[in-house]
Amino acid sequence: MVRVQSEQGERHLAVAGELWVLSVGPVAVDVYVGQQPISAMSRRVVRQSKFRHVFGQPVKADQMYEDIRVSKVTWDSSFCAVNPKFVAIIVESGGGGAFIVLPLSKTGRVDKNYPLVTGHTAPVLDIDWCPHNDNVIASASEDTTVMVWQVPDYVPVRNITDPVVTLEGHSKRVGIISWHPTARNVLLSAGCDNLVILWNVGTGEMLLALEDMHTDLIYNVGWNRNGSLLVTTCKDKKVRVIDPRKQQIVAERFAPHEGLRPVRAVFTREGHIFTTGFTRMSQRELGLWDPKNFEEPIALQEMDTSNGVLLPFYDSDSSIVYLCGKGDSSIRYFEITDEAPYVHYLNTYSSKEPQRGMGFMPKRGLDVSKCEIARFFKLHERKCEPIVMTVPRKSDLFQDDLYPDTPGPEPALEADEWLSGKDAEPILISLRDGYVPVKNRELKVVKKNILDNKPPPGPRRSQSTCDSDFSQSALEEVLEQIRVLKETVQAQEKRISDLENKLCQFTNGTD
């Protein structure tokens with residue numbers, strides 16, 4: 001129906017085929033569908049969301065990290081890990097595997113002799129910062145081991161070669177590691193032996209081994225918000241939800257995406273599962289699933305025909321998922337809500353150069369004064385480029401709706417409590433006054449003392465004078481001397497680093 005309002009009065013005309021309106025004088029035309037004006041309907045169609053205008057922009061050239069030889073290993077991990085203190089990047093290295101750790105403030109050209117973290121005998125495939133200690137990072141390698149490292153706040157003078165603990169339990173290369181979100185010192189590793197192992201880093205012991213659950217290569221593993229469940233994707237085309245402590249599969253779905261290429265999955269805050277994969281025609285596709293009813297998707301959307309695996313980065317505070325494809329030059333982002341179509345496209349950040357990998361900053365590392373809701377660290381062939389995602393706001397005040405309380409650096413549980421069946425939500429902190437990283441906290445590993453193990457009963461070989469003289473007390477004395485020497489060297493390294501910084505400041509001041 002069309003309502004025509006003129007100076008001569010109002011006329012209601014039925015619309016059928018062509019419409020001719022003849023009137024004299026000024027005319028206003030309102031088009032109705034039933035009793036509802038179309039203008040009001042169009043206003044309702046535009047979805048209300050505070051994240052509709054999120055935009056991304058790269059930092060200035062002098063705020064990038066230049067001259068870094070990013071690893072060329074063919075493995076679908078992000079190759080980069082960041083926290084409020086450091087950015088770590090897996091790099092090319094001769095004779096083993098290595099990654100570089102830079103303080104966030106150390107932008108610009110990186111010295112070719114800058115110290116690396118080296119210790120693996122084969123390429124590093126994945127790295128992950130501990131969420132409860134900003135100075136502790138874990139690395140997984142083709143050499144079948146996982147190593148945990150303590151990174152000092154000062155810049156070391158030479159390569160870091162001694163891990164705090166080495167975890168050995170896989171028989172093939174280890175491509176995935178992930179820290180528990182709420183329990184202290186619990187680390188997960190997944191290897192090409194189709195095995196998922198949970199470790200207590202504080203004791204260097206294996207807590208659980210999830211065997212006979214995966215029949216093929218594991219593509220990715222993700223924790224839910226409180227760390228009570230895992231979601232895994234596998235080359236056998238199954239997505240599994242696993243209760244690690246009961247060592248049982250709670251739910252599984254065969255082929256959520258029909259294509260043969262790798263699938264990725266992450267838990268959302270509500271306990272749903274967001275997946276990325278490929279259709280049978282090799283189009284990239286995203287899906288949202290309820291593990292309690294895995295047969296039908298909540299949402300399934302086709303995207304494009306690129307062949308790069310989409311890495312999902314999920315922000316539980318805003319319910320935004322960012323999709324970064326390896327080899328793509330864009331980041332797409334979507335908001336997940338409880339309104340149809342459930343996964344709402346927001347925007348795409350595009351650039352000219354493809355990404356080799358991507359780091360994702362935890363919420364507590366963002367600049368809340370600039371309404372920054374995400375920060376990515378995009379890896380190029382020879383540099384790392386931070387990209388800032390911002391919600392445009394006119395006010396300079398703290399935006400409560402953008403920054404709800406977010407998981408802080410304190411663990412909610414000890415490893416033993418979690419293993420015994422206890423669950424706890426993350427301990428949240430407010431970002432109202434910004435987040436100040438805590439000082440270096442040392443990771444202490446208390447292993448069982450092998451010297452306490454008594455020798456097996458039975459005839460012993462005859463001891464030489466040298467063996468008998470080298471008693472347990474002598475061994476402990478040597479170990480103590482080594483420890484003192486290490487502390488002295490570290491103190492000198494810190495002193496040299498501080499003097500270099502002061503010299504730089506002095507030189508810059510005189511310029």
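How many cavities of 30 Å³ or more does the structure hold? There are four of them. Keep in mind as you look around that this is a predicted model.

## A cavity to explore

Let's step inside one of these spaces.

What classes of residue make up the lining of the second largest cavity? The count is 13 nonpolar residues, with no polar and no charged ones.

## A four-stranded sheet

Next, find the open sheet built from four strands, which run in the order β24-β25-β26-β27 with antiparallel pairing. In general, strands of a sheet pair through backbone hydrogen bonds, either parallel or antiparallel. At the edges here are β24 (264–267) and β27 (299–302); each has a single partner strand, so one side of each has no neighbour in the sheet. From one strand to the next, the twist averages 15 degrees.

Four bridges join β24 to β25 (residues 273–278) in the antiparallel sense. You can pick out Phe267, which stands opposite Ile273 in β25.

## A helical stretch

Finally, turn to residues 475–502. UniProt lists this span as a "coiled-coil region", in an unreviewed entry. In the model, residues 475–502 are 100% helix and 0% strand.

Definitions and conventions. Residues numbered from 1 in each chain as written. Predicted model: local features only at pLDDT ≥ 70, side-chain atom pairs only at ≥ 80, totals over all residues. Heavy atoms only, no water. Pairing = 2+ DSSP bridges. Helix = DSSP H or I, 4+ residues; strand = E, 2+ residues; numbered from the N terminus. Axes fitted to C-alpha atoms, helices over the stretch in contact; angles between N-to-C directions. 1 Å grid on protein atoms, 1.4 Å probe; cavity = no way out; pocket = protein on both sides within 12 Å on 5 of 7 lines; lining within 4 Å. Points joined across faces, edges and corners; volume = space filled by probe spheres on them. Nonpolar A, V, L, I, M, F, W, Y, C, P; charged D, E, K, R; others polar. UniProt positions renumbered as here; feature names shortened; annotations may be inferred.
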